[in-house]
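Let's take a friendly walk around a protein chain. Have a look at the structure first, then read on.

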Amino acid sequence: MRPIMPSIISIKNLSKTYASGFTALKTINLDIERGEIFALLGPNGAGKTTLIGIICGILNASTGTVTVGGHDIINDYRAARALIGLVPQELTTDAFESVWDTVSFSRGLFGKPKNPAHIEKILKDLSLWDKKDNKIRTLSGGMKRRVLIAKALSHEPKVLFLDEPTAGVDVELRKDMWQVVRDLRASGVTIILTTHYIEEAEDMADRIGVISKGEIILVERKAELMSKLGKKQLVLHLQKPLEQIPPDIFGLANLTLADGGKELTFTYDTQGERTGVTRLLADLNRLDIRLRDLETRQSSLEEIFIGLVSDNERAATGAQS
Amino acid sequence: MNGRAIVSIYKFEMARTLRTIWQSIVSPVISTSLYFVVFGAAIGSRITEIEGVAYGAFIVPGLIMLMLLTQSTMNASFGIYFPRFTGTIYELLSAPVSSFEIACGYVGAAATKSVILGLIILATSWLFVPLHIEHPLWMLGFLVLTAITFSLFGFIIGIWADGFEQLQIIPLLILTPLTFLGGTFYSTHVLPPFWQKVALFNPVVYLVSGFRWSFFEISDVSPAVSLAMTVAFLVLCLVVIWWIFRTGYRLKK
C-alpha cells in the first residue's frame, strides 16, 4: 500500500460565483499530496481554470479557504505564492521582450536574486537556449508555450500548475515538455495539470481528479481508478463464423458478436472475484467453437472519463426534472 | 517587502521606454519646440511680458507642466493597461508582490521618464529663451511630486480603462483642456474676476502656479497652497489605488 503523503495544497469548502450570477465552482474540497502529479480532468467550462486561478491569486473565491504549503493564500499570500509556478492556458506572453529578459523578469518578480545559471538550465532543458535573445513575438506558438513554462520555473517553485500545457504543441515538443515535468517531479516538485489529451494524464499522473459542472466528482489514484472503473474485454477471433451466439453459453449477456460472426467479445469486470474467462473458454471447447486468436483490451482513461462525466450530467439532469 | 519585484517592474518599464525612444522622448521634445515657435516667437513677439517676465520665458513652466501631466498619465496608464490587455497581468497577480510594490514599480518608472522628459524640455527651452530659475530645488521638488502624482493618476486610469479609447479619453478630453485652461500660456490674473474664481476649481492651476513660482517667484495662488493641493491629489490617488487592490477592481473577477 502506498504511504499517504502530507498534502501541499489543501482546499476547503471553496466556491466561486461570478458577479453575473454564474456559479463556476460549488463547494470544492481537495487535497493535493506533496510530490505527486495530479491531473485535473473535466470538460470545457467545468471549472478547472477557475480553481487554478483562485489558488494562484488571479481570482477571488466566494467562500472557502486554500492553503499552499500550510500558508493561507489570502492572509499569507506572499509565502503561498512564492511556492507556486503557473503556466496559464492562454498564450499570454510579452511581445517585444527577449526570451532571456522575460524569464529573468519573472524570477525578479518572485523576489529571487539573479541566477543566470538557473535560467540557462531552464532554457536549455526546454530547448529555448538558442532562442534566448529572440523577441517573443517572433516565436512559434509551441515555443511561446515553452517560454511560459520557463517563466513559471524561473523562481524554482515547489508547486507547478500546468493549465493545458500541450495545447497546440507538436508531438516532439510535447515529449520534451513531459520529460521536464518528470524531472521536476523527481526533484520533489508537485505538479497539477489539466489537459484535454487524456492519454497524457493516463501516462503521467499519479492521481486523477474529475471535475464536472463545478464539482469534484471523483479523486482517485490512477491505477485504482482504472482497475475499479475499467472494464476489460476478451476478444476471441473465431476460425469459423457464428450465425448467432449459442444460447447455452456462459456469460451470454456479456457477449457480443461482430465482424460477420468471426469476432466474439466478452466484457468482464476486472475487480470481480471470478471473471468468468475460464468458464467461457471451457464452454467454447464444449461447443467445439475453435479459436484462431485471442486478445484482451482495457478501457482507456478517456473512456472512463467520458463515462463519468456523462453519468454526472445525467444525474444533474435527472435531479432538475 | 519584495524590493526585487519593484526593481524588476521598474527596469521592465524603463526598458520599454528605451525601446520606444522616439515616441517617448523625441516626439514630446519636438512638440514643445513647436509650442515655442508658435507661442514664443509668433505670439510672444506681440506680448512683451507678463508680470515682469518675458512671455517666451513665462510659458516655459506651463509647457513643462503640460508635457509632465500628459506624459506621466499616459505612461503609467499604458504601463499597467498593456498587461491587462495582453493577459500577462496574470503573472503580477500570482506573484508574491503587494499592491504597493506593483504601484511603486509602474509609477516609479513612469515618473522617472516624465522627470527626464521635463528636464529635457527645460534644456530645450534654453535654446529658445534665456531662463533663470529662482528656486531650483523647489522646481525639482514640484517636478518630481507632480510626475509621481500624475503617474499614480495614470495608473488608476490604466486599471479603470476597458479599451484603448478609454485609455486615451482622460488625457485627451480632460487633462489637456484643464492644462490649457490652467494658466499654461497665461496668468489667471488676466482673466475676468468671475473666471478667475472658476479657474480655482481647476487643479492644474495650482500645479502650474507653484511650478512657475519656483522659476520666477510669480504665482496665481500661494506656493504653499499649490504644494498642499498637489500632495492632497497624491494622497487621493494613493487611497484609490489601495482600494483597487484591496477589492480587486477590474483586476480580479
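## Surface and interior

Accessible area here comes from the Shrake-Rupley method with a 1.4 Å probe. Keep in mind that this is a predicted model. On that basis, chain A exposes about 15500 Å², and carbon and sulfur atoms supply 50% of it.

What share of the 321 residues of chain A counts as buried? It's 48% of them.

## Overall build

Chain A comes with 10 helices and 14 strands. If you follow its C-alpha trace along the principal axes, you get spans of about 75 × 50 × 40 Å.

Now for who touches whom. Take the contacts in chain A between residues at least 6 apart in sequence: 69% of these join residues at least 24 apart.

## Charges

How many positive and negative side chains does chain A have? There are 42 positive and 42 negative ones, and the centres of the two sets lie 4 Å apart.

## A four-stranded sheet

Let's zoom in on one sheet. In chain A, 4 strands make an open sheet with antiparallel pairing, in the order S2-S1-S4-S5. Strands S2 (23-33) and S5 (71-72) of chain A sit at the edges with a single partner strand each, so one side of each has no neighbour in the sheet.

What holds strands together in a sheet? They pair through backbone hydrogen bonds, either parallel or antiparallel.

Look at strand S1 (residues 7-17) of chain A: 7 bridges link it to S2(A), and the two run antiparallel. To spot the pairing yourself, find Leu14(A), which stands opposite Ile28(A) in S2(A).

Technical notes: Residues are numbered from 1 along each chain as its sequence is written. Chains are lettered from A and ligands numbered from 1 in the order in which they are written. This is a predicted model: local features need pLDDT of at least 70, side-chain atom pairs count only at pLDDT 80 or more; totals for chains, interfaces and linings use all residues. Side-chain values use heavy atoms; hydrogens and water are left out. Buried means under 20% relative accessible area, exposed over 50%, partly exposed in between (1.4 Å probe, protein chains only). Contact means heavy atoms within 4.5 Å. Lys and Arg count as positive and Asp and Glu as negative; His and the chain ends are not counted. The place of a charge is taken as NZ of Lys, CZ of Arg, CG of Asp or CD of Glu. Two strands pair if DSSP finds at least two bridges between them.
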